[in-house]
Amino acid sequence: MKKPKKSRMYKWLAGVLVVLLLAGTAGYYNRNALAMWGFDLFLSDSVKKKLENSYQPLEGHTPSQTTYKKEDPFSMLLLGVDQRGKEIGRSDTMIYTVVRPKDGAILMVSIPRDTYVDIVGKTTKAGNQWQDKITHAYAFGGAKMSVETVEKLFGSKVDHYATINFTGFRDVIDAMGGISLPITEDLVNDDPDHEKFVVKAGKPLYNGTEALNYVRYREDAGGDTSRAGRHQVFLNAIMNKASQVGQWTKIPDLIDIMGQNFSTDLTPQHMIDLTKSMLQSNQRTIYSHTLKGEGRRKVTHGTWYYFADEEDLAKTTALIKDWLDPVKTKESLPLPEEYEQKEQKPVQSLSLA
C-alpha cells in the first residue's frame with residue numbers, strides 16, 4: 001500500500017555540511033605541512049569565533065566524552081529539522097553517525113522519520129510509555145528528547161548532536177555558486193500527494209533549491225535505495241566543490257549564512273580539531289545504511305508508521321558498537337551488509353590527494 005504522504009525534506013545531508021565544508025576547503029591546501037600552518041594562521045581563529053554562535057550544549061545531557069582525544073571514535077546525531085518561523089518543527093530525518101577521525105571513516109545510519117519507537121521522556125496521561133513516530137521526539141522535546149530516544153533505540157550513547165534547518169541548506173549551496181550533479185534525465189515530481197517540482201537534466205551547476213529537490217525526489221522505481229544513492233552523490237558533490245581553489249576563504253562567510261539554522265554541542269575547537277584529524281588521514285570514506293523495515297497502519301484508516309525489522313535493528317546495533325570501539329582497526333571494522341554482500345566500495349574515497 002502506498003504511503004499517502006507529501007514529499008519529505010531529506011535535510012539530514014545539510015546536518016554534516018559545515019564539517020564537510022571545513023574539511024573539503026582546507027583539504028585542498030592540506031597537501032603538505034605548510035598548508036595546515038596556513039589554515040591555522042589565516043582562518044582558524046576566525047572560524048572558531050564564528051562557530052561560537054552555533055555552540056548549544058543540551059541541558060541535562062552529559063556526553064560520554066566529557067574530555068576528548070582527537071583520535072577517539074565518537075557518535076553524533078544529525079537532525080534535519082523542518083522548522084518555519086517560530087514553530088518548533090520536526091526532525092524530518094535522523095542520522096546516527098559514528099566518526100572515526102584517526103581512520104578517516106564515517107558510518108551513517110539513517111532512521112526513517114516514521115519509525116515507531118518509545119519516545120523517551122514522554123508518557124500518556126495514564127503514565128504509560130508514549131509510542132509514536134520518531135520524528136515527533138523533536139517536536140515534543142527538541143534535540144534532547146531526540147537524542148535520548150535514539151540512544152534507547154540503538155542501546156548506544158549519543159556523544160554529540162547537530163541540527164540544521166532547510167534555510168541553511170539552500171543558502172550555503174547558493175553562496176558556493178552551486179554544485180555539480182549527475183542528472184541525465186529530468187526529475188519530475190508530480191504525484192498528487194507530493195510537492196510539485198522539476199529538476200532539469202544536463203545543467204553544469206545546480207543551485208540550492210535544485211539540489212534540495214534532487215535529494216528529496218521520490219518518484220523513481222528505486223524508492224529508499226535510490227534516495228540513499230542520491231544522498232551519497234550529493235555529499236561528494238559538496239566535497240568536490242568545497243575543495244576547489246577559492247572556496248576556502250569563504251568559510252567564515254558561509255558560517256555566517258548558516259547563522260541560527262545550525263546548532264551543535266561540539267565546541268568550536270573540537271570541530272576544528274576534528275577537521276584536521278580527518279584531513280590528515282590518507283583516505284576518508286563514508287559508509288551508509290538505512291534501517292530496514294516496513295510501512296503500514298496499526299489499524300484500518302489509522303496513522304501510518306514504519307516498523308523497524310528486528311533482525312536488522314540488532315545487526316545495526318552491533319555494527320554501531322563495533323565502530324565505537326577505539327581498539328578496532330579500520331581494516332577490522334564490519335561494514336553494513338549492502339557493502340559486504342555486493343563487495344561494493346565505500347560511498348567514495350574523499351581523499352583529496
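# Close-up views of a predicted model

**Figure 1. Pro-57 lies in the loop between α3 (33–51) and β1.** This view, like those that follow, is drawn from a predicted model. Once its neighbours within four places in sequence are left aside, Pro-57 is in contact with Thr-264 and Asp-265. Pro-57 can also be set against Ala-143, which stands 86 residues away in sequence, while the C-alpha atoms of the two residues are 9.9 Å apart in space.

**Figure 2. The protein chain as a whole contains eleven helices and twelve strands.** Of its 353 residues, 54% count as buried, and the chain exposes about 16200 Å², of which carbon and sulfur atoms supply 50%. When contacts between residues at least 6 apart in sequence are considered, 71% of them join residues at least 24 apart.

**Figure 3. The largest nonpolar core of the model has 33 residues.** The members that touch the most other members are Tyr-96, Val-150, Leu-153, Phe-154 and Trp-323. Two or more residues are given to this core by each of β1 (74–82), β2 (90–100), β3 (105–111), β4 (116–123), α4 (136–154) and α10 (310–323), and the largest share, eight residues, comes from α4. Apart from this core lies another, of 23 residues, among them Val-99, Ile-106, Met-176 and Leu-266. In soluble globular proteins, nonpolar side chains tend to be buried together.

**Figure 4. Trp-323 is shown here with residues that it touches from elsewhere in the sequence.** If residues up to four places away in sequence are not counted, Trp-323 touches Pro-73, Val-98, Arg-100, Ala-105, Ile-106, Leu-107, Tyr-287, Leu-333, Pro-334 and Leu-335.

**Figure 5. Tyr-116, Tyr-305 and Phe-307 form one aromatic cluster.** The count of aromatic pairs in the model comes to seven. In one of them, the rings of Tyr-116 and Phe-307 have centres 5.3 Å apart and planes at 45°, so the pair is described as tilted. This pair links distant parts of the chain, since Tyr-116 is in strand β4 and Phe-307 is in strand β12, 191 residues apart. Phe-307 has a relative accessibility of 16% and therefore counts as buried, the cut-off being under 20%.

**Figure 6. The charged end of Lys-122 sits over the ring of Phe-140.** The distance to the centre of the Phe-140 ring is 4.5 Å. Lys-122 also lies over the face of Trp-130, at 4.5 Å from the ring centre, and the view therefore takes in both Trp-130 and Phe-140, the charge in each case being within 6 Å of the ring centre.

**Figure 7. Helix α6 (residues 208–216) is largely enclosed by the rest of the structure, because eight of its nine residues are buried.** The buried residues of α6 are Gly-208, Glu-210, Ala-211, Leu-212, Asn-213, Tyr-214, Val-215 and Arg-216. The N-terminal end of α6 is capped by Asn-207, which has a side-chain oxygen 3.2 Å from the backbone nitrogen of Thr-209. Phe-169, placed in helix α5 (residues 166–175), is buried, with a relative accessible area of 0%. Phe-169 and Ala-211 are 42 residues apart in sequence, and their C-alpha atoms are 9.2 Å apart in space.

**Figure 8. Two histidines, His-136 and His-301, are described here by their accessibility.** His-136, in helix α4, is buried, with a relative accessible area of 18%, whereas His-301, which has a relative accessible area of 77%, is exposed. The C-alpha atoms of His-136 and Ser-146, ten residues apart along the chain, are separated by 8.4 Å. His-301 is found in the loop between β11 (293–297) and β12 (304–308), and its phi is near 65°, a positive value in a residue other than glycine.

How values were computed:
Residues numbered from 1 in each chain as written. Predicted model: local features only at pLDDT ≥ 70, side-chain atom pairs only at ≥ 80, totals over all residues. Heavy atoms only, no water. Helix = DSSP H or I, 4+ residues; strand = E, 2+ residues; numbered from the N terminus. Buried < 20%, exposed > 50% of the residue type's maximum accessible area, 1.4 Å probe, protein only. Core = buried A, V, L, I, M, F, W, Y, C linked by side-chain atoms within 4.5 Å. Contact = heavy atoms within 4.5 Å. Areas by Shrake-Rupley, 256 points an atom, 1.4 Å probe, with all protein chains shown as cover. Phe/Tyr/Trp six-rings, centres within 6.5 Å; stacked < 30°, edge-to-face > 60°. Lys NZ or Arg CZ within 6 Å of the ring centre and 35° of its normal. Polar contact = N/O pair within 3.5 Å; in protein donor to acceptor, adjacent residues only side chain to side chain.
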